Amino acid sequence: MIKGFLVLALLYTAALTSITAHMLFFKRDSHREKIMQTLSIVNLPTLSLSTSYMAAGIRGYTKPSNPSYPDMMPIDTMSFVYGE
Amino acid sequence: MANSTFLRFLLLLLYQYRSKHAGIAVISSLIVALLSAVLFISQSIQAETALQLKAQPDFVVQRIRAGKRIDVPVEWLEEIQEINGVSSVTPRVYGEYYFSPREEHFLLFGVDFFDEQSSKAIEKIVQETDLRKFLSKEQMIVGDGVKKFLQEHYYKGFYNFKNPDGEIIKVPVYSSFDKETNIISNDMIIMPMELLRSIFAMDEETLTDIAFNVPNEAEWDNVLTKLHLLHYDIRVITKEEITKSYHNLFNYKGGLFLALYLITIMTFILIIYQRYAMVAVGWSIKDVLKLKFFETSIIVLLSFINGVIIAYCYVYLFDAPLLSNLFLGSENLSNEVAFMPVVDFGLLGSIFLFFGIPFIAAVLIPVWKIAVTEPKEAMK
Amino acid sequence: MSEIFLSNEVLIYLLSESVIYVLILIAALLSLQLIIKWDFGSYSEIQFTLEKRAYLVMTIITFAFIVKIATLPYFAYGIDKLSDLVPGAMCASGVIGANEYGYPLLGLKIATVFISGTWIIINNLDLQSPNYPFFRIKTGLFLLIAILISIELFLDFTYFGNITTTKPVSCCSVTFGQQGGSNPLPFGLDTAKLLVLFYLFYFMTAISAIGRYAATGFVANILFLVTAYYAVVYFFGTYIYELPTHKCPFCMLQKEYYYVGYLVWASLFSGTFFGINSLPLKWFAKKDVLYTYKFSLFFNTLFVLLVSAYVLVYYLKNGVWL
Amino acid sequence: MIRIKNLDKIFNPSTKKAAHVLKEINLQINKGELVILKGVSGSGKSTLLSIISAMDKPTSGEVIVDGKAVSKLPDIHASHFRANSIGFIFQHFNLLDELSVKDNISIVLIPLGLSIKTVDEKVQKSMELANISHKADQQVKELSGGEKQRCAIARALVNDPGIILCDEPTANLDRTNSLHFIELVKTLQKMGKTIVIATHDPLFEEAGFHDSILHMSDGELGEPK
């Protein structure tokens, strides 16, 4: 019984260690550098969101709207996740 | 707790009734995993956007007519440059190209290659780019999502843009962006500014908007006033506004939380506690409470660790298939973002508070009911 | 509704507080019934039911208080995170000063945690004796805390509901910096005198802990708490930030300073908590509650060593004082 | 020594369901004495045992064990008293089926905060005394009735109590096992334990405990024969 718990504890330790290692050794700097360089070309603060053409997200700095009823928020946009 | 026989007995109970405990642990692990995955993704994207914001211009000037953004004349560039305290004024020409058959669109960005800074950056970002060769023809560099889109639609190394007049402009693909930058470059195409103007049929002397910096924060209000005096149809977007809208972008609404909570409460129904007649053999209510409390806490803790491990692997090793769509959308080109691991104690504490406290709080009263077994029942 | 409520940390914090409040409310209602009907001498069935119910109340309160103590640093963390959202705020200091409810809320939180700790100790003493001698005291104390916690929850919601993200707030350098050369320290102290008092009061707390002088310890710890607050903000803090002009009690909670602020404030509050509590507990228990002296000495010493180490390490590294 | 003074127990007093289960019980049981409470079920034997063990509280009156009034102890102290001075044997044994014999016996010792070594030694000793040590690692659900009884006895003995209370100990046993139990009781008596047995089993009379039988009916205690 105790052996089972020890194995379990060992498994957890291994999993947590490997996760910590993955986090520590992730190549953040090169990732950052690539993004910064891409940004320095375009100078445009925008995430590449896969939104529909009408849902502007942040890109155009306009709120998403329904073209025929401008006052109504379109229900098919991502306002569920975006705390607009 | 220093009492080791207590610990041994606790483990023994956990072990002997493991199938009952495992059921609870599996469901709660999944809840924690879902919750942490959502938080990990949003935390990671927030960290990325925070990084990008540092590089962003302090102000963006746009022109508004009839409530719509229209192109800015090139002369504004010089007018803004003349304002005191303004630096690195950048013209921007970009727009969304709509591909109607699939209702998808790309972000086209025009680059001024005579600008030294951006041409240097391009050399670095796209490997083996010989700038002279790139500039020799009218070519474009595409993001990963666009590249896939072209492959799916049998465009071999080119794309036929159609301008508003119906003319077809064939542009060959020169190279593509690194997949790692997908979070910003997925649907992006960069090309020379003149080429972009001809695709969108823009006037020669216009820009989409103008970005610039004002290094001295104390001057910000001053510059704003001056800009508004310059033209009446102007809209200025400050970096602060962008920061705030980014911040809100991934703080989500209550719906998701509520759904998770319903599942959590369902698990409580699953918890059927076995009754122990320990009161008769020298256990006090306090001892029984202690035992049950630790039993619950261990399950909570194990589910918490399980959930976090699962979520970590799911988000950072497998790049969160499905769930990332919730954040990045799935209406346009599919985006495969490689998330940068960002986990801090505050986040883990948040998850634990959110999950552990209601869980333990909900079992307090049933646990007490077990502890105060009537003597009559204890003797039966 | 304010967009502040959409922040993950605030949402989770308010949720935990509300869950705890529901528990406290249940316990308070049961406590009222207990305190009215309680008659330990009685052999009635009702009394036996009450005695059992007292265990439920005790368990709920203990759990709630432990969570309360844990959410205090989380509260600090949450408002620290909000500083990204509130214009002008560089750390928690600006956010907490964003409206008039912030500082009363923080003060009330610390006060409730202090009194809750006292309750936990009294409860343990009560369970050790065979006839619940402190039952009425602890139940009364709990009802008092329940009222405080009700006010606190109300303040929680009004505070977070009234933070606007459009109005700029003042940064810590404005709140704690020396405006116009005026001296922010009370009683016209200067830094040297403040430090003398700081170490003097520390030795007083240490001596009263070693010699078990409860009354002296009570006074010394209160004085120490006050001077230590000023000393950390206006002297030791500058060494933590390695910047003579940076005076702020909150910035040290951030990642840039390895979250050392949590340790600094936690050790100070724990040390003075046990030091101050020795006296009331001695009254209740009619004898010294020994571990309070030990813990008081331990945490106060830890605190003093920690902040002094920052000064010394800075001096050894750079060869100058700030 | 157990002294019971004017003990009254009324269930659900001042309601229609009120039941007067114990009436004016006065009893003194000396150290090392064996007492058999005889009576039909419902005569209040079990209630009397539960009050002696401080599991239940009387409506009035007092129980004094070794000079200590146990009838008005708060829960923690009552359970301390049970853990230190009382061994209880139940009719239905009250064992945890999924646990082994050894673990069932050690449950009693857990709140006392002893070291694992002491606990294991005590468990071993009492298993030997109750003659169940050969089944130490077996789960209780695999045991026969007699073995369960012996396990329950070992559990009652493990804290080395001065007083052993048995509630219908032979009700679930066959004749052979009951006789075994009676033999064990005699051994325990020789060890100087105070024993109170509530039963309606005639076997005890046959076994020669005539002197110590008290009759109980309707909550009242008859004179010893």
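1. In which loop of chain D is D:Asp160 found? In this predicted model, D:Asp160 sits in the loop between helix H5 (145-157) and strand E7 (163-167) of chain D. Helices (H or I, at least four residues) and strands (E, at least two) are DSSP runs, numbered from the N terminus. D:Asp160 is not a glycine, yet has a positive phi of about 50 degrees. Its relative accessible area is 54%, so D:Asp160 is exposed (buried means under 20% relative accessible area, exposed over 50%, partly exposed in between, with a 1.4 Å probe and protein chains only).

2. Conventions. Residues are numbered from 1 along each chain as its sequence is written, and chains are lettered from A and ligands numbered from 1 in the order in which they are written. Local features need pLDDT of at least 70 and side-chain atom pairs count only at pLDDT 80 or more, while totals for chains, interfaces and linings use all residues; side-chain values use heavy atoms, with hydrogens and water left out.

3. D:Asn6 is not a glycine either, and has a positive phi of about 45 degrees. D:Asn6 belongs to strand E1 (residues 2-11) of chain D. With a relative accessibility of 39%, D:Asn6 counts as partly exposed.

4. Confidence. The model has an ipTM of 0.83 and a pTM of 0.83. Chain C averages 86, and 97% of its residues score at least 70. Among the elements of chain C, the lowest mean pLDDT, 74, belongs to helix H6 (residues 172-176), and the highest, 93, to helix H5 (residues 135-161).

5. Chain A. The mean pLDDT of chain A is 70, and 57% of its residues reach 70 or more. Over residues 69-84 of chain A the pLDDT is below 50, although this stretch has 39 contacts in the model beyond near neighbours in sequence (contact means heavy atoms within 4.5 Å). Where pLDDT is low, the predicted coordinates should not be read in detail.

6. Composition and surface of chain A. Chain A contains two helices and zero strands. Of its 84 residues, 40% count as buried. The accessible surface of chain A is about 4,900 Å², and carbon and sulfur atoms account for 68% of that area. Accessible areas come from the Shrake-Rupley method with a 1.4 Å probe; for residues, only the protein chains shown count as cover.

7. A helix pair in chain B. Helix H2 (residues 18-55) and helix H14 (residues 345-371) of chain B have axes that come within 10 Å and cross at roughly 145 degrees. Axes are lines fitted to C-alpha atoms, for helices over the stretch in contact, and angles run from 0 to 180 degrees between N-to-C directions. The residues in contact include B:Ile24, B:Val32 and B:Phe40 of H2(B), and B:Ile351, B:Phe355 and B:Phe359 of H14(B). By class, the contact has 10 nonpolar, three polar and no charged residues (Ala, Val, Leu, Ile, Met, Phe, Trp, Tyr, Cys and Pro count as nonpolar, Asp, Glu, Lys and Arg as charged, and the others, Gly among them, as polar).

8. B:Ile31. Helix H2 of chain B also holds B:Ile31. Is B:Ile31 buried or exposed? B:Ile31 counts as buried, at 7% relative accessibility. B:Ile31 and B:Ser303 are 272 residues apart in sequence, with 8.9 Å between their C-alpha atoms.

9. C:Thr139. Helix H5 of chain C contains C:Thr139. This threonine, C:Thr139, has a relative accessible area of 6% and is therefore buried. Not counting residues up to four places away in sequence, C:Thr139 touches C:Ser31 and C:Ile35.

10. C:Lys282 is located in helix H9 (residues 260-285) of chain C and is partly exposed at 32% relative accessibility. Leaving aside neighbours within four places in sequence, C:Lys282 is in contact with C:Ala214, C:Lys287, C:Asp288 and C:Tyr293. C:Asn318 is in helix H10 (residues 290-318) of chain C and is partly exposed, with a relative accessible area of 41%. The C-alpha atoms of C:Asn318 and C:Ala285 are 51 Å apart, and the two residues are 33 apart in sequence.

Conventions
pLDDT is the predictor's confidence in each residue, from 0 to 100.
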